[in-house]
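Please look over the sequence and the model before reading on. The text below goes through them part by part.

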Amino acid sequence: MRRVGVIGVGVTPFGKHERSSAELFAEAAAEALDDAGLAPTAIQAIYFGNVVGGPAERQLHMGPQAASILGLPWVPTTRFETACATSHAAFRHAVMEVASGTSDVVLVGGAERVLDIPTETATELFAYASDAAFEQPAGLTVPGVFALIARAHMAKYGTTEEQMAHVAVKNHRHGALNPKAQFRKEITLEQVLASPRIADPLKLYDCCPFTDGGAAVLLASEEAARRSRRPVWVLASAAASDAMCLHDKKDLTRALATERAAQTAYRQAGLGPKDVDVVELHDCFTIAEIVATEGLGLFEPGTGGTAAEKGWTSLGGKLPVNPSGGLKAKGHPIGATGAAQIAEIVTQLRGEAGPRQVEGARIGLAHTLGGNTATVLVSLFGLE
């Protein structure tokens, strides 16, 4: 298999947009092409992620539509959907296409547009990622899923609402440094704890927002990547799954798919958690970040809350997590989230993240979770 490098990244500002998902992806792709110094005609395949475009935009088959907007209607395109892990799953398959020698340059990413539909409609559409036979009739929403996880973690390890609030405060502080973040304002611990309850014990500021946005990543074979200005190498890209329904999971305090994907990625790269300098992980809710830091092996089980409380995961801490602001503050356009996380890791490893730069970062990790913790992607990146 050939080595694969990331040679260009592009991300739209996250927030409310008037353009379609395909147009948002094309905007991000144009930025990635400019970043790589390539013409669109260099692209040999497109992997595109989108989740709710069917009901939200009345638009299926977005892959060829996005390619046409880019002026590349003849390029093979494939659309992916794995809930919130969509564009990270697309990334893994694009890596395999380049590594196998099928293509030398592949464009991958995704987009989502949901802020033009009512919140209750978006909440219902996102809940379709749960089981339609058992969980949806019971009224289980995504905040409800992570509220159950939070209660289980609190009962087993003594994790507190204050520790979860520290995650929100930290990620908003980081997001204030990101010019493309949806929320660029700092918040206090008191504001988080006093915010309205969404699904007990989760409060408004424990939850990420609905978001419009697009993100794109350009991949190239080693030979092509070495001609670019500063490639970042894909050291590993792993996927893992777990039971779909919550009642089939043995321990809600653990994300088994995260543990499995991380172990595979570390093995592929010949690295371990202690080698990682910067992390972008799936913090759709504050408890999700705490559970993920434990599942990735960054902190011992039950200590993720302590890590947040003591500032170990802040910029300047032991291991900065979500310097972009994460899903919590940067935003969560679900079809684009994985690609945007990868774009942030590439930007960090290049030393181009400005005031949110993690100094000396050489190994980065991206983690994206889909649905009821049933799908997880973990990828590792490095400068060598």
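Predicted model: local features only at pLDDT ≥ 70, side-chain atom pairs only at ≥ 80, totals over all residues.

Residues are numbered from 1 along each chain as its sequence is written, and side-chain values use heavy atoms, with hydrogens and water left out.

Begin with strand 7, residues 213–221. Helices (H or I, at least four residues) and strands (E, at least two) are DSSP runs, numbered from the N terminus. Buried stands for under 20% relative accessible area, exposed for over 50%, and partly exposed for what is in between (1.4 Å probe, protein chains only). In a regular strand, side chains alternate between the two faces of the sheet. In strand 7, G213, A215, V217, L219 and S221 point one way, G214, A216, L218 and A220 point the other way, and all are buried.

Strand 7 pairs with strand 1 (residues 4–11) in the antiparallel sense, over 7 bridges. Pairing requires that DSSP finds at least two bridges between two strands. At one of these bridges, V4 has S221 of strand 7 as its partner. Strand 7 also runs antiparallel to strand 4 (residues 105–112), and 8 bridges join these two. Here G109 stands opposite A216.

The next topic is charge. Side chains of opposite charge can pair when their charged atoms come close. The structure holds 24 salt bridges, each being a side-chain nitrogen of Lys or Arg within 4 Å of a carboxyl oxygen of Asp or Glu. One of them joins D200 and R197, at 2.9 Å from N to O. D200 is partly exposed at 42% relative accessible area, and R197 is partly exposed at 47%. Both residues belong to a network of salt bridges that links R151, E161, R197, D200, K203 and D206.

Another salt bridge joins D242 and R260, at 3.8 Å from N to O. D242 lies in the loop between strand 8 (232–241) and helix 10 (256–269), and R260 lies in helix 10, so this pair ties together parts that are 18 residues apart in sequence. D242 counts as buried at 18% relative accessibility, whereas R260 counts as partly exposed at 38%.

E344 and R356 also form a salt bridge, with their closest N and O atoms 2.9 Å apart. E344 is in helix 14 (residues 337–350) and R356 is in the loop between helix 14 and strand 10 (363–370), so the pair ties together parts 12 residues apart in sequence. E344 is buried, at 5% relative accessibility, and R356 is buried as well, at 10%.

Last come the nonpolar cores. A nonpolar core is a set of buried Ala, Val, Leu, Ile, Met, Phe, Trp, Tyr and Cys residues joined through side-chain atoms within 4.5 Å. Which residues touch the most other members of the largest core? They are F146 and I287, in a core of 47 residues. Elements that give two or more residues to this core include helix 6 (142–157), helix 7 (161–175) and helix 11 (286–295). Helix 6 provides the largest share, 6 residues. Leaving aside neighbours within four places in sequence, I287 is in contact (heavy atoms within 4.5 Å) with F146, I149, A150, H153, M164 and L202. Another core, of 35 residues, lies apart from this one and has F14, A90, I342 and I345 among its members.
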